[in-house]
Amino acid sequence: MSAVVKQVLIKGGRVIDPGSGLDEVTDVLLSNGLVEAVGKKIAAPEGADIIDATGLVVTPGFVDLHCHLREPGFEDKETIASGTRAAAAGGFTTVCAMSNTDPPMDNASTIDYVMRKAADEGAVRVLPIGSVTKASAGRELAEMAEMADAGAIGFSDDGHPVADDALMRQALTYASAFGLPIIEHCEVPELAAGGQINEGWVATRLGVKGVPAAAEEQMAARDIALAELTGSWVHLAHVSTAGTGDMVRRAKERGIKVTAEVTPHHLTLTEDVVLGHLTGGNSFDPLTADAYNTFAKVNPPLRSQADVDAMIAALAEGVIDAIATDHAPHNRQDKLSTLNDAAFGISNLETALGAVLSLVHADSLSLARLIESLTLGPARLLGDRAPAGLGTLATGAPADIALIDPDAEWIVRPENFVSKGKNTPLAGATLKGRVKTTIYAGRVVFDAEQGRAS
Amino acid sequence: MTTVRRVGIPALSNGGGSMSSGRKNVLDLDDFSREELDGVLQNTTAMREVLNRSIRKVPALRGHTVITLFHEPSTRTRVSFEQAGKVLSADVINVTSAGSSSKKGESLYNTALTLQAMNADIIVIRHPHSGAPHFLARHLDSCIINAGDGAHAHPSQALLDMYTIKEKLGSIEGKRVAIVGDILYSRVGRSNLWGLLKMGAQVTLCAPPTLVPPDFLRPLPEEHPFASVRVTHRVEEALEGADVVMALRLQLERQASGHLPSLREYSRMFCITTRRMELAAPDAIVMHPGPMNEGIEIDPEVAHGVRSVIDQQVTNGVAVRMALLFGVVTPDRSAAGRGAAQ
């Protein structure tokens, strides 16, 4: 990337900057890959590109704390190149890549490999997450200090919890030396064993094994207790139940160092989607051939409406810090099977904004809080590992910008996804709100008119 | 076409029967209306008549291909579907996972496409995963008949159970049916629930709480399709006044998986014994979908005693499966140059 970047003036958009609380129609000037100024009627410098943002919402580029770029090892599902272009198409300019690659990111050299690859081929910023334990096997700590030096922003055995209580205690204690979180996938393996979807009537109806809410809550309770014991930071990935939300709320009130993220699907979809209908329908209706929808199989599973409502409330209150996509791309045959054989996961980067904007359109969440939970909320958790001002439009912040048309309706067509993962339960759904243009480090990396990331 | 298919089978239902409903698949009984269930049961009687002849063959499905695709061991279900198809003159081909390319790692999807490419009119599938028949139905134009999927459904078994109840007791409406055993994992129990409730039976489920789906252990909302079902953990309570006692097979691995302290204790608490049967109605019948663990869920004295209708269940199984094979509307392949001459 050359050092000289053209100036860009974004004119006349509704600028929302959670860093300053700004929410008004104004202009944004980007210079040299950084935000230079935000203000009314900025005169266009000579040679600057001018973007007319009339009718659009201008926000900092989104930050995703949790996605699976699959490289190295699973390039049939996604690559750093395709995943970061998908991120750009979804308004994300910073993505944190999960460690469950093959080989896993459990040492500094794999972290280094991913960062180099991302610098060469990535469309947006990639920040790696290292494994907590060697090969994420849950037995011995991985070399976290070296990974921290190499650029890891946290540690996770995502896909699995660190099930051994004593080892988790050590992991939290060890990671506190670098001020980095252990990012926990909360799930008691024995309670979740064999589970395909949420435990409840839908699972009973389908005759498949469910994962009870308690499988997540029991592990979250343990992690909070260990965070209190060690004084270290635990970040709970993809929380999904009302009970977990309550525990995080109480832990934060008690000053325990716990943070949490929630996915777009746990904010908007229920377990009923597994029955084969996205909206309407009733879990008492006869099953059709569309039942056992493998695209709705995800871990943690889609839960009940009461859980979804609790997640929205917890996000609105700030109990949950960030929306993270848990973007989990898979290839066609991974989902072209029975429910039991299907892989867990949803390709999420390109539908995340449209999905969560439904909460704003339904008046369940303010637009300001939504934008904050996609920008400053997650950026705060990156601390000094992230460039100064990330997730805000402060002067000197990275010139990462998302231009959003919050009212544009569009139909989800997975075949048009930039991501290699076409696995979404939203195929054919109409979403309201989409990313129009994404700017990363002062350059346009996605423009909806051109269709593809550049 | 219709006339040809009816040749040789007397008294087939044409009002509300499955043949007039345009049904492509039989995935479970949840999407059958009471009228359609009645129609299938009536057609089963007609099929029984065929089976009682000295020459058991009618041309109803001549020129049609039925493939049974069994990814789980089975004796009675597979054999009875095969026999049903053959009596109806279909060409029946049996595929089992042991002898098929699934052993070489072929996916169910690709296996299914292969069978469809061979112009399978009807695929009868048994699979350890719930929803495997729905998966095929989603992707194929062949008729799909569920012969048992995971812990989900076993509609032909439930239909033969219902037929046997009707045959022995005159009707299903108002009858008290006690289903005793591994409700949690039983596809037979589940399909019977849908079917029996639609036909107006009063159903009681009986099992230790660890073998009951967790949401059945709490009160169900009024609008729930199973709201009228009673759940008890005492077999004496379930059997009291029952007209039908249906014992379910207990998978022997339930002890190791922590659902039960011991098979011995299960048997002491839940086995259907002669003594316990005294609590049931005087003319109560005893059923079991097989294969039985005699001495665990059912005492041999009961299984082979005067109240047992277990052998009749097997006999009726063939007739019910004939009615199902006959009732589905097979794809019209005349455009492909077949069928017109049949």
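Trainee: How many Å separate the centres of domain 1 of chain B and domain 2 of chain B?

Mentor: In this predicted model, the two centres are 26 Å apart, taken over C-alpha atoms. Domain 1 covers 2-153 + 316-332, and domain 2 covers 155-314.

Trainee: How do you know which residues of domain 1 of chain B are in contact with domain 2, and how many are there?

Mentor: Two residues count as a contact when their C-beta atoms lie within 7 Å. On that basis, 24 residues of domain 1 of chain B meet 22 residues of domain 2. The elements giving two or more residues to the domain 1 side are α2 (34-51), β4 (143-149) and α12 (310-327) of chain B. That side holds 11 nonpolar, seven polar and six charged residues.

Trainee: Why is chain B called as compact as a globular protein of its length?

Mentor: Chain B has 12 helices and nine strands. Its radius of gyration is 20 Å, and the globule rule gives 20 Å for 342 residues, so chain B is as compact as a globular protein of that length. The C-alpha atoms of chain B fill a box of roughly 60 × 45 × 40 Å along the principal axes.

Trainee: What share of the contacts in chain B with a separation of 6 or more comes from residues 24 or more positions apart?

Mentor: That share is 77%. As for burial, 49% of the 342 residues in chain B are buried.

Trainee: What makes helix α5 of chain B largely enclosed by the rest of the structure?

Mentor: A residue is buried if 20 or more other C-beta atoms lie within 10 Å of its own. Six of the eight residues of α5 (residues 132-139) of chain B are buried, so the helix is largely enclosed. They are B:A132, B:P133, B:H134, B:F135, B:L136 and B:A137. The cover over them includes α4 (108-117), β3 (122-127) and β4 of chain B.

Trainee: Let's turn to chain A. Why are β9 and β14 of chain A said to stand at the edges?

Mentor: The sheet is open, with four strands in the order β9-β12-β13-β14 and parallel pairing. β9 (182-184) and β14 (322-323) of chain A each have a single partner strand, so one side of each has no neighbour in the sheet.

Trainee: How do you know that β12 and β13 of chain A pair?

Mentor: Pairing needs at least two bridges. Three bridges join β12 (residues 234-236) to β13 (residues 258-262) of chain A, and the two strands run parallel. Therefore these strands meet the requirement for a pair. A:V234, for instance, has A:V258 in β13(A) as its bridge partner. Helix α7 (residues 213-230) of chain A lies across β9, β12 and β13, at about 160° to β12(A).

Trainee: Why is A:A48 called partly exposed?

Mentor: A:A48 has 16 other C-beta atoms within 10 Å. Buried would take 20 or more and exposed 12 or fewer, so a count in between is called partly exposed. A:A48 lies in the loop between β3 (34-39) and β4 (49-52) of chain A. Leaving out residues up to four places away in sequence, A:A48 touches A:K6, A:Q7, A:V8 and A:L9.

Trainee: Which helix of chain A gives the most to the side that touches chain B?

Mentor: Across the two chains, 21 residues of chain A are in contact with 28 residues of chain B. Helix α6 (residues 201-206) of chain A gives the most to the chain A side, with three residues. By class, that side has 11 nonpolar, seven polar and three charged residues.

Terms used:
Residues numbered from 1 in each chain as written. Chains lettered and ligands numbered in written order. Predicted model: local features only at pLDDT ≥ 70, side-chain atom pairs only at ≥ 80, totals over all residues. Domains from an automatic or database assignment. Nonpolar A, V, L, I, M, F, W, Y, C, P; charged D, E, K, R; others polar. Axes fitted to C-alpha atoms, helices over the stretch in contact; angles between N-to-C directions. Rg over C-alpha atoms; globule rule 2.2 N^0.38 Å.
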